[in-house]
Amino acid sequence: MNALKQYIDLFVEHRDTIEQHSVAPLNALRDKALNALDGAVLPRRGSEDYEATDLEAVFAPDYGLNITRVNFDGNPAESFRCDVPNMSTCLYLCFNDMIYPGANAVRNAGGVVIETLAQAATSHPDVLTGYYGSIADLGDPTVALNTLLAQDGILIYIPDGVTAERPVQLVNIFNAMQPMMAVRRLLIVAGRNAHARILACDHTQSKDVKHLSLQTIEIIAGEDSTIDFYDMEESAATTSRVSSLFVKQAAGSNVLVDGITLTNGFTRNDYRVDVDGEHAETTLLGMTIAGDSQHVDTHTVINHNAPRCNSNEMFKFVLDDNAVGAFAGKINVKPGCPRVEAYQGNRNLCASPTARMHTKPQLVIYTDDVKCSHGTTIGQMDQDALFYMQTRGISLESAKTLLMQAFMSDVIDGVRLEVLRDRLHHLVEKRFNGTLSACATCATACNNHTK
Amino acid sequence: MLKITDLRASIEDKEILKGINLTIKPGEVHAIMGPNGSGKSTLSSVLTGNPAFTVTGGQVEFYGKDLLSMPPEDRAREGIFLSFQYPVEIPGVPMVNFMRTAINEKRKYFGQEPLNAADFLKLMREKRAIVELDNKLASRAVNVGFSGGEKKRNEIFQMAMLEPKLSILDETDSGLDIDALRIVANGVNKLKSQDNATIVITHYQRLLDYIKPDFVHILYKGRIVMSAGPELALELEKNGYDWIKQQVDNEQ
């Protein structure tokens with residue numbers, strides 16, 4: 001069986017419709033994507049870099065695609081009322097795969113361009129043609145499939161010297177009666193000395209229906225630019241997510257990517273960062289909290305292609321019940337890149353005897369005179385600390401919650417937006433005490449709403 | 001308040017407590033002394049419900065309730081407090097969160113509303129003064145980066161917050177310099193009343209100079225082999241344990 005085939009066949013059959021409902025810069029890459037998929041198969045459990053994850057099974061269900069770009073019923077902006085309190089953001093919604101402006105959405109806010117790829121094809125054709133698909137690796141069949149099927153997406157373009165005052169918030173929502181695959185695409189281009197903070201979050205409103213989010217994100221950071229990208233998943237047990245994020249950093253740029261999984265079904269997050277210019281800084285953070293049968297697989301590659309750069313990477317997992325976590329992280333220091341400092345950490349807490357964590361840290365170094373380290377741990381709860389708390393009248397349950405929260409605190413404190421940091425502490429607390437999915441203020445039922 | 005009858009306990013199949021009998025009434029201070037390895041710390045662990053130990057026989061009644069059937073947190077809420085010989089460091093858990101959770105879970109157990117933030121902070125401030133604990137320490141993670149003396153003061157601070165009926169001080173004097181010892185002992189004395197009782201586990205008379213015991217018990221080989229008034233501690237300070245060991249070993 002080859003799950004890719006059903007989507008390739010669908011593309012071949014409906015290519016005209018797909019291209020009619022899209023724009024030229026996106027259509028221009030479809031032949032390349034189709035070639036890349038020729039003879040490709042999705043990795044199964046046990047393949048290199050997929051030790052714990054069966055992608056073939058994830059794509060096997062017959063998901064529907066919205067190739068004729070039908071608008072969805074209802075008012076998507078109305079269905080999402082939650083926001084990060086005390087933080088004024090430009091809000092955009094991606095409802096299944098259709099994009100709608102939300103609160104404070106301005107197409108051109110203080111010089112920052114936020115628009116759909118379709119809009120960008122006419123207003124910023126050079127940016128779109130120049131950068132769309134420029135760093136996404138078609139060698140990965142899921143990225144090739146995304147490129148083959150993508151019909152729209154969002155461009156965030158911060159021109160030279162521009163600072164985005166307001167953080168940009170992108171909310172991805174699933175709400176469909178039928179099993180559906182959303183092909184999502186995000187392109188972030190920061191010019192020289194441009195600065196922006198971007199938050200993305202995934203939600204599922206139709207929690208009884210199977211959904212698959214196939215997402216490709218490209219971040220191009222120009223010289224001396226700063227980009228913070230926070231990507232938070234709060235989806236449902238029926239939702240699968242296959243996300244590939246590519247970053248290309250020029251000299252002096254500073255990029256922070258933080259991947260957070262609070263609730264989900266199946267998730268595979270790939271990160272590839274190419275550090276191409278000197279004195280660039282990369283921070284890659286991740287936090288996963290998984291229970292029940294949640295599956296979260298994170299795969300990271302940082303390529304140090306230039307001398308005198310820093311990267312810091314820390315991913316933490318707390319796994320309970322029958323949850324499965326996987327982390328594979330690779331740091332490549334290419335030849336001729338002295339004075340690179342690269343640190344990688346992966347710390348995991350298995351809170352139940354049936355939770356499983358797979359981890360594989362890798363350093364590949366081809367230059368002398370570098371400082372690199374990696375460290376990984378898998379541990380259980382500290383029994384002495386639990387007993388100590390119990391002797392103070394704290395129930396075993398609460399004591400475990402306090403310890404799990406404490407375990408995540410340093411990753412949360414790595415968030416560079418203060419209001420988001422407070423928000424995350426709050427969300428993580430709710431996630432651990434089981435009240436995260438109990439809110440009815442909006443259809444998303446994510447309980448983000450504070451009274 | 002506390003009635004221990006023929007208490008036996010073991011760890012990894014090794015019997016440590018071999019039949020302890022002890023009765024404690026409100027307002028009393030009991031000192032438990034004894035050579036190393038006699039079971040003093042095991043007694044405090046068993047009374048507070050440390051899962052590392054298995055109770056193999058006997059009963060413990062606390063205000064008429066069967067203490068041994070309760071989980072550790074309920075024993076604490078009912079009013080038993082242990083000041084640890086080695087307080088545990090809990091990185092990432094701020095003292096304030098830790099203390100607020102403890103106070104509010106106890107209140108919930110007794111059907112009371114949680115304390116509001118203002119009242120809680122006021123309570124923290126009041127109780128901190130008893131052991132002269134720096135505000136900076138209260139905002140840090142539990143015991144992380146505390147000196148030996150600060151850790152012990154922090155134990156007495158928690159005791160002040162939780163207002164237990166029975167406090168067990170397990171070698172609270174170990175690792176303390178003279179000034180810290182005085183602060184800790186003064187703290188304990190300030191908290192003493194007609195309604196609560198204290199068990200002081202120690203090797204040395206010096207703590208008992210500050211916290212005056214009503215009774216002194218000697219624990220040896222898992223049993224209380226001698227009980228007397230405060231004068232017994234002075235005698236031990238002078239003559240050591242050998243004469244007691246000989247007496248007990250001859251009897252066997």
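About 470 Å³ of space lies in the second largest pocket of this structure, which is a predicted model. The residues closest to the centre of that pocket are A:Leu402, A:Gln405, A:Glu429, B:Asn97 and B:Thr101, out of the 18 residues that line it.

- At least two residues of the lining come from each of four elements, namely α10 and α11 of chain A and, in chain B, β7 (90-94) and α3 (95-109).

**The largest nonpolar core**

- The largest nonpolar core has 122 residues, and those with the most contacts inside it are B:Leu2 and B:Met99.
- Leaving aside residues up to four places away in sequence, B:Met99 touches B:Phe120, B:Met124, B:Phe157, B:Gln158, B:Met161 and B:Leu162.

**The sheet of chain A**

- In chain A, 10 strands form an open sheet with mixed pairing, and their order is β2-β1-β6-β8-β10-β12-β14-β16-β18-β20.
- At the edges of this sheet stand β2 (98-101) and β20 (371-379) of chain A, each of which pairs on one side only.
- Neighbouring strands of the sheet are turned by 10° against each other on average, when direction is ignored.
- Strand β6 (residues 168-174) of chain A pairs in the parallel sense with strand β8 (residues 195-204) of chain A, over seven bridges, and A:Leu170 stands opposite A:Ala200 in β8(A).

**Helices on the sheet**

- Helix α10(A) packs on the sheet, where it touches β14 (281-290), β16 (310-319) and β18 (341-350) of chain A, and its direction makes about 160° with that of β16(A).
- Helix α11 (residues 418-432) of chain A lies across β8, β10 (226-234), β12 (254-263), β14 and β16 of chain A, and it runs at about 25° to β14(A).

**Residues with positive phi**

- A:Asp49, a residue other than glycine, has a positive phi near 65°, and its place is in the loop between α3 (30-37) and α4 (55-59) of chain A.
- B:Asp6, a residue other than glycine, has a positive phi near 50°, and this residue lies in strand β1 (residues 2-11) of chain B.
- B:Asp6 has a relative accessible area of 34% and is therefore partly exposed, since buried means under 20% and exposed means over 50%.

Notes
Residues are numbered from 1 along each chain as its sequence is written. Chains are lettered from A and ligands numbered from 1 in the order in which they are written. This is a predicted model: local features need pLDDT of at least 70, side-chain atom pairs count only at pLDDT 80 or more; totals for chains, interfaces and linings use all residues. Side-chain values use heavy atoms; hydrogens and water are left out. A nonpolar core is a set of buried Ala, Val, Leu, Ile, Met, Phe, Trp, Tyr and Cys residues joined through side-chain atoms within 4.5 Å. Buried means under 20% relative accessible area, exposed over 50%, partly exposed in between (1.4 Å probe, protein chains only). Contact means heavy atoms within 4.5 Å. Two strands pair if DSSP finds at least two bridges between them. Axes are lines fitted to C-alpha atoms, for helices over the stretch in contact, and angles run from 0 to 180 degrees between N-to-C directions. On a 1 Å grid over the protein atoms alone, a cavity is a set of points where a 1.4 Å probe fits but cannot get out, and a pocket is an open set with protein on both sides within 12 Å along at least five of seven lines; lining residues have an atom within 4 Å of a point. Grid points are joined across faces, edges and corners, and a volume is the space filled by probe spheres set on the points.
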